[in-house]
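Me: Please take me through this model and set each term against its definition.

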Amino acid sequence: MFTGIIEAIGEVVALQPKNGDLRLRIKTHNLNLADVHLGDSIATNGVCLTVVDLPGDGYWADVSRETLDNTTLPGWKIGQRVNLEKALTPQTRLGGHIVSGHVDGVGEVVSRHPDARSERFRIRAPKELAKYIAHKGSITVDGTSLTVNKVDGAEFELNIVPHTLKWTIMESYQAGSKINLEVDVLARYLERLMLGEKAAEGEGQGITLEFLAKNGFM
């Protein structure tokens with residue numbers, strides 16, 4: 001688990017195809033690895049990766065086919081900067097929100113413009129994720145815990161303060177940039193609980209307007 005508070009910016013230094021999936025090496029720069037061991041998790045642009053080797057200046061991780069299919073990882077390049085966060089501990093301050101590191105889908109930056117000293121970003125999420133994104137709720141963008149300022153269908157807006165721009169990769173975002181999105185895990189559990197016994201009828205069953213009307217929520 002993670003908090004969505006970025007600890008350092010790393011760099012992709014190697015990408016090695018391995019029998020249909022991928023092994024990658026991240027140079028961690030200012031991230032303190034003194035307490036990191038083989039098998040530990042590090043969120044890399046919001047993707048929870050398991051450390052399989054520690055060469056001294058970073059880590060190697062294996063990337064499964066599932067991760068490649070559901071994140072921006074297939075488009076990563078050598079030299080690309082990535083947000084880094086080590087897994088939380090019982091002593092960690094929960095400055096953001098509960099983040100699993102399990103990316104729900106890939107979004108796209110629609111636009112950005114200055115808003116006083118901040119930057120205003122408009123993001124388009126996959127349509128199937130729109131129901132989990134709420135005004136003033138939390139969302140994770142490339143591993144960064146952020147507050148949703150406005151929702152318009154499958155698009156939402158973020159107001160990013162100078163500190164966040166400086167200490168994450170968000171400064172590099174432009175219209176068309178692809179980003180990893182993780183919705184608030186509480187929204188997913190709430191949906192599952194609302195289904196009640198119908199949750200056992202199949203993984204495709206989800207909350208719909210028809211379901212809400214039939215069960216007295218509307």
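**Pockets, sheets and one histidine**

Reply: The largest pocket has a volume of about 270 Å³, a volume being the space filled by probe spheres set on grid points that are joined across faces, edges and corners. The model is predicted, so local features need pLDDT of at least 70 and side-chain atom pairs count only at pLDDT 80 or more, while totals for chains, interfaces and linings use all residues. Residues are numbered from 1 along each chain as its sequence is written, and side-chain values use heavy atoms, with hydrogens and water left out.

Me: What makes a set of points a pocket, and which residues lie closest to the centre of the largest pocket?

Reply: On a 1 Å grid over the protein atoms alone, a pocket is an open set of points with protein on both sides within 12 Å along at least five of seven lines, and its lining residues have an atom within 4 Å of a point. Fifteen residues, given as 15, line the largest pocket, and E7, K86, A87, L88 and T89 are the closest to its centre.

Me: How is the lining of the largest pocket divided by class?

Reply: Four residues are nonpolar, five polar and six charged. Ala, Val, Leu, Ile, Met, Phe, Trp, Tyr, Cys and Pro count as nonpolar, Asp, Glu, Lys and Arg as charged, and the others, Gly among them, as polar.

Me: What is the volume of the second largest pocket, and what lines that pocket?

Reply: The second largest pocket has a volume of about 210 Å³. Of its 13 lining residues, Q80, D142, Y173, S177 and K178 are the closest to the centre. Its lining has four nonpolar, six polar and three charged residues.

Me: Why are β10 and β11 said to stand at the edges?

Reply: The open sheet has seven strands in the order β10-β9-β13-β7-β8-β12-β11, with antiparallel pairing. Strands are DSSP runs of E with at least two residues, numbered from the N terminus, and two of them pair if DSSP finds at least two bridges between them. β10 (144-147) and β11 (150-152) each have a single partner strand, so one side of each is left without a neighbour in the sheet.

Me: Why is H97 called buried?

Reply: Buried means under 20% relative accessible area, exposed over 50%, and partly exposed in between (1.4 Å probe, protein chains only). The relative accessibility of H97 is 8%, and H97 therefore counts as buried. This residue is found in the loop between β6 (81-86) and β7. Not counting residues up to four places away in sequence, H97 touches F2, T3, G4, S138, I139, T140, S145 and D184, contact meaning heavy atoms within 4.5 Å.

Me: What makes β12 mostly covered?

Reply: Five of the six residues of β12 (residues 155-160) are buried.

Me: Which strands form the closed barrel?

Reply: The six strands run β1-β2-β5-β4-β3-β6 with antiparallel pairing.

Conventions. Helix = DSSP H or I, 4+ residues; strand = E, 2+ residues; numbered from the N terminus. 1 Å grid on protein atoms, 1.4 Å probe; cavity = no way out; pocket = protein on both sides within 12 Å on 5 of 7 lines; lining within 4 Å.
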